[in-house]
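I am opening my notebook on a new chain.

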Amino acid sequence: MKLLIDLCSGLGGASEAFMRSKNWVVLRFDNDERFAGVLPNTHFIDLTNTMQSIIILQDFIKTSIKTHGD
């Protein structure tokens, strides 16, 4: 599996083609809470808090690797 991390994904236009592929796992992050939980694989991240953002990204990447393999 390949992993795409879409930061500031908004409506997800840049990552939509990857979402449709079976070879890709897509994690979308946006700093607008309205997108989180509404669009597939989109999560809220507060980009003003750098350390918290890094920890959240690491956790999602670790979980994705455990779920989908390397």
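These entries go from the whole chain to single residues.

**Entry 1: the model.** I noted at the start that this is a predicted model.

**Entry 2: elements.** I looked up the secondary structure and found 2 helices and 3 strands. I then read the order from the N terminus, which is β-α-β-β-α.

Entry 3: I checked the extent along the principal axes. The C-alpha atoms fill a box of roughly 30 × 25 × 15 Å. Residues 24 or more positions apart account for 27% of them.

**Entry 4: surface.** I found that 27% of the 70 residues count as buried. The chain exposes about 4800 Å². Carbon and sulfur atoms supply 57% of that area.

**Entry 5: charges.** I listed 7 positive and 8 negative side chains. The centres of the two sets lie 10 Å apart.

**Entry 6: backbone angles.** I kept one rule in mind: most residues other than glycine have a negative phi. Which residue has a positive phi of about 55° although it is not a glycine? I found Cys8. Cys8 sits in the loop between strand E1 (2-7) and helix H1 (16-19).

I also noted Asn41, whose phi is positive and near 60°. Asn41 lies in the loop between strand E2 (24-30) and strand E3 (42-44). Is Asn41 buried or partly exposed? Its relative accessible area is 36%, so Asn41 is partly exposed.

Notes: Residues are numbered from 1 along each chain as its sequence is written. This is a predicted model: local features need pLDDT of at least 70, side-chain atom pairs count only at pLDDT 80 or more; totals for chains, interfaces and linings use all residues. Side-chain values use heavy atoms; hydrogens and water are left out. Helices (H or I, at least four residues) and strands (E, at least two) are DSSP runs, numbered from the N terminus. Buried means under 20% relative accessible area, exposed over 50%, partly exposed in between (1.4 Å probe, protein chains only). Contact means heavy atoms within 4.5 Å. Accessible areas come from the Shrake-Rupley method with a 1.4 Å probe; for residues, only the protein chains shown count as cover. Lys and Arg count as positive and Asp and Glu as negative; His and the chain ends are not counted. The place of a charge is taken as NZ of Lys, CZ of Arg, CG of Asp or CD of Glu.
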